[in-house]
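Welcome! Please take a moment to look over the protein shown here, and then we will walk through it together, one region at a time.

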Amino acid sequence: MRKAPRPSRLAGISPLGMWSISIGLVLILVGLMGFQVQASYRRTIDVARDNIADTARITEEQVRGSLRVVRLMLRAIAEAPRNDPNLLRRFMATRARVVPEIRQAFIVNAAGIVTISTLPQVEGRDTSQRPFFTGARDIPTGQDIYVSPPLPIGQDGNMVIMVSMPLGGADGQFDGIAVVSLELGYFQGLLKSVHTGEEGAGALLVTPEGDIIGRDPDPELYVGKNIAKGGAFAMHRQSGGTENTFVHVTVTDGKEKLSAVRTLREPALPHLVVIVGRPLDGVLAPWRSEALTIAAVIGALVVVIFGLTALAGRHLVALKASEERYRGLIETQNDLVVRFALDERLVFANEAFAVAHGQDLGTVIGQSWRNFVDEQDHAVTAQAINDVLQPPGFRATVENRMKMAGGGRWISWEGAAIRDMAGHIVEVQAVGRDITDWVENRDRQSALVRDLDKSNRELEQFAYVASHDLREPLRMITSYLGLIQRRYEAALDEDGRQFLDFARDGATRMDRMVLDMLEFSRVGRVRDPLTRVDLAEVIAIAARNLELPIQESGATLSVPQGLPAVTGSAGELIRLFQNLIGNAVKYRHPDRPPAVAVWVERHRDGWVCTVADNGIGIAPEYFDRIFDIFQRLHARSEYEGTGIGLALCRKIVEHHGGRIWVESEPGQGSRFRFTLAGGDEA
């Protein structure tokens with residue numbers, strides 16, 4: 001069975017299926033948003049209910065405490081002796097000053113006539129029809145004070161609250177009332193202390209009949225109004241409980257609010273009602289902000305989802321076409337392509353791999369890669385696979401021998417890790433190319449290089465031995481020529497003596513050439529160990545070796561300060577600079593004293609050294625020839641030498657990894673330049 005590369009998950013989804021998934025995801029997001037918004041709404045209302053209920057409870061406690069103070073004051077007045085009106089009047093005035101909001105205190109007899117008052121001008125007035133008299137007279141059993149609705153009192157018509165307590169006679173019958181009048185501010189301060197200052201919020205104190213006796217804010221607009229027929233008061237009365245919270249439309253300002261309502265249920269006190277309310281808009285403001293934020297996020301996500309779906313839809317066809325082209329390319333190319341799982345079993349192989357091994361694709365899949373690799377290369381191949389699984393590259397290359405249908409072949413493989421959607425490595429893909437011919441050529445070239453190296457070593461050894469051994473017969477020839485000259489010079493004519501001089505000169509020049517050949521053969525074969533070499537010290541030694549010719553020629557040598565240090569052979573570098581400076585002095589211009597300058601410049605990853613002179617110069621056609629061994633541009637009668645100096649310089653530079661060249665103009669001078677790799681700053 002033939003297996004192809006596995007297609008991506010995206011390629012298996014149709015455009016319609018992709019849009020269905022996107023719409024389903026959007027519906028899920030909208031549903032989650034609705035659930036979250038509803039839950040947030042309930043949570044916001046519940047938290048607000050608890051908070052406002054606590055506020056109403058605190059307000060109730062404060063109102064209860066205030067009424068207790070007034071009740072105690074009335075109880076003290078009621079129990080005081082009434083046989084001395086002046087004394088009782090002073091007593092009531094003293095007690096009234098305890099509460100700054102009390103305007104007056106007075107006693108009313110059973111007929112409703114004011115008998116004793118802290119304000120004597122009201123004594124004798126009839127109050128029998130006033131609510132504070134009738135309310136105290138008819139007070140329910142168990143209560144002993146009555147709080148009236150606000151009443152306009154006096155010429156200024158200011159609103160006050162009358163709090164009255166019934167008086168009992170000696171026979172236990174109704175004997176009148178004790179009364180104090182309270183300014184609205186007495187309860188107003190309590191309500192203001194619990195008011196949050198939020199616009200539309202408020203706190204009310206209401207009589208059991210629904211009359212407002214205190215409100216904050218704007219008490220002047222609402223105190224005295226009756227709210228018994230609507231709003232939170234009516235709902236509270238209908239519920240029959242002592243504490244409730246409601247969402248309702250208020251009677252006072254017509255706004256929708258969340259209100260907490262509590263009824264005072266302490267014995268002896270009137271059942272006043274405390275109402276604390278907040279506008280529903282204010283309660284729900286954080287929820288609305290949260291809901292809008294959630295809606296904006298969901299909206300953005302919907303736009304992103306639909307946008308990505310549209311983008312993915314446009315690329316889906318291209319992706320499928322690309323995967324088809326990829327499979328066609330992999331399956332038809334000549335390179336070998338395989339994929340194998342981490343258990344070493346092949347999960348894919350292209351046609352070229354199966355054909356090369358003379359097997360069907362169905363039989364190749366599932367086998368271990370070890371079945372196809374020569375046993376000698378199992379270890380190196382396994383190591384390469386292990387390298388593919390390691391960071392940071394997750395790639396590796398290896399060369400191994402494959403057991404193919406036509407015999408063993410060398411294959412160069414490049415492997416890479418394949419990851420799943422979660423980013424885990426699950427497979428290794430390898431692409432191989434037959435390099436058998438290249439390996440054979442490489443082996444042949446390696447053999448040739450080894451043979452060439454061996455030949456070069458033999459040639460160098462031959463040159464050294466030959467040069468060394470030639471000096472012995474040369475010394476013998478020179479010795480016998482000297483012996484002939486001493487013994488037979490008188491017997492020789494002029495031609496004989498001249499012939500003898502020619503022979504001695506030839507032997508001397510040959511000895512010098514042999515010495516130069518010995519030095520040339522030693523370069524690269526016998527060399528000093530590579531160390532850190534100071535160029536300033538190298539040039540100084542070379543100059544000392546040339547001290548006599550420099551003095552005789554009147555030459556000047558210019559060397560700058562701060563020359564760098566390089567890595568090289570000190571002995572060879574000394575010979576290099578000595579040859580170049582010596583040539584500059586030797587090939588001087590007859591019309592001017594020689595001037596030689598040495599300097600060094602930084603260049604790329606190394607140094608460029610220059611030895612410049614003002615000598616006779618070199619024609620361009622000889623720039624390459626002068627570096628060949630035994631090449632001379634002048635007759636021996638003009639300049640001494642064997643023609644090996646510059647060849648020796650080139651060999652030294654090349655053995656230091658550099659190159660040497662000349663820049664010259666005939667009659668003006670020359671600049672010999674060469675590179676030295678590496679080194680440090682001076």
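## Starting inside helix α4

Let us begin with helix α4, which covers residues 185-194. Its buried residues are Tyr-186, Phe-187, Gln-188, Leu-190, Leu-191 and Val-194. What lies over them? The cover for the buried residues of α4 includes helix α1, the strands β5 (158-168), β6 (174-183), β7 and β8 (212-216), and helix α5 (219-222). Keep in mind as you read that this is a predicted model.

Tyr-186 has a relative accessible area of 11%, so it counts as buried, the cut-off being under 20%. Phe-187 is buried too, because its relative accessibility is 0%.

## Aromatic rings that meet

How many aromatic pairs does the protein have? The count comes to eight. One of them is formed by Tyr-186 and Phe-187, whose ring centres lie 5.2 Å apart with 75° between the planes, an edge-to-face arrangement.

Another pair is made by Phe-577 and Phe-674: the ring centres are 5.5 Å apart and the planes stand at 70°, so this pair is edge-to-face as well. Here the partners come from distant parts of the chain, 97 residues apart. Phe-577 belongs to helix α15 (residues 570-586), while Phe-674 belongs to strand β23 (residues 669-677). Are these two residues buried or exposed? Both Phe-577 and Phe-674 are buried.

In soluble globular proteins, nonpolar side chains tend to be buried together. In this model, the largest nonpolar core holds 52 residues, and the members that touch the most others are Val-63, Val-163 and Phe-187. Helix α1 (residues 15-79) provides the largest share of this core, with twelve residues. Apart from this core lies another one, of 37 residues, including Val-538, Ile-581, Cys-609 and Leu-648.

Which residues does Phe-187 touch? Beyond its neighbours within four places in sequence, Phe-187 is in contact with Val-63, Ser-66, Leu-67, Ile-161, Leu-182 and Leu-205.

Together, Trp-19, Ile-23 and Leu-27 make a nonpolar surface patch of about 300 Å². Why does Ile-23 count as partly exposed? Its relative accessibility is 43%, which falls between the 20% limit for buried and the 50% limit for exposed.

## Helix α6 and its cover

Helix α6 spans residues 231-239, and His-236 has its place there. The buried residues of α6 are Gly-231, Ala-232, Phe-233, Ala-234 and His-236. Their cover includes the strands β7 (202-206), β9 (243-249), β10 (256-263) and β11 (273-279). After the helix comes Gly-240, with a positive phi near 80°.

His-236 counts as buried because its relative accessibility is 4%. What surrounds this residue? Leaving aside neighbours within four places in sequence, the contacts of His-236 are Gly-241, Thr-242, Glu-243, Asn-244, Phe-246, Val-261, Arg-262, Thr-263 and Val-273.

Arg-497 sits in helix α12 (residues 494-522). With a relative accessible area of 28%, Arg-497 is partly exposed. Not counting residues up to four places away in sequence, Arg-497 touches Glu-489 and Leu-492. Its C-alpha atom is 8.0 Å from that of Gln-485, a residue twelve places away along the chain.

Glu-547 lies in helix α14 (residues 547-553). Its relative accessible area is 42%, so Glu-547 is partly exposed. How far apart are the C-alpha atoms of Glu-547 and Gly-582? They are separated by 9.9 Å, and the two residues are 35 apart along the chain.

## Stepping back to the whole protein

Now for the wider view. The protein has 16 helices and 23 strands. Of its 682 residues, 41% count as buried. The accessible surface comes to about 36800 Å², and carbon and sulfur atoms account for 54% of that area.

What about contacts between separated parts of the chain? Among contacts joining residues at least 6 apart in sequence, 57% link residues at least 24 apart. The pair of Phe-577 and Phe-674, 97 residues apart, gives you a link between distant parts of the chain to look for in the picture.

Notes: Residues numbered from 1 in each chain as written. Heavy atoms only, no water. Core = buried A, V, L, I, M, F, W, Y, C linked by side-chain atoms within 4.5 Å. Buried < 20%, exposed > 50% of the residue type's maximum accessible area, 1.4 Å probe, protein only. Helix = DSSP H or I, 4+ residues; strand = E, 2+ residues; numbered from the N terminus. Contact = heavy atoms within 4.5 Å. Areas by Shrake-Rupley, 256 points an atom, 1.4 Å probe, with all protein chains shown as cover. Patch = residues over 30% accessible without salt bridge, like charges linked within 9 Å, V, L, I, M, F, W, Y side chains within 5 Å. Salt bridge = Lys/Arg side-chain N within 4 Å of Asp/Glu carboxyl O. Phe/Tyr/Trp six-rings, centres within 6.5 Å; stacked < 30°, edge-to-face > 60°.
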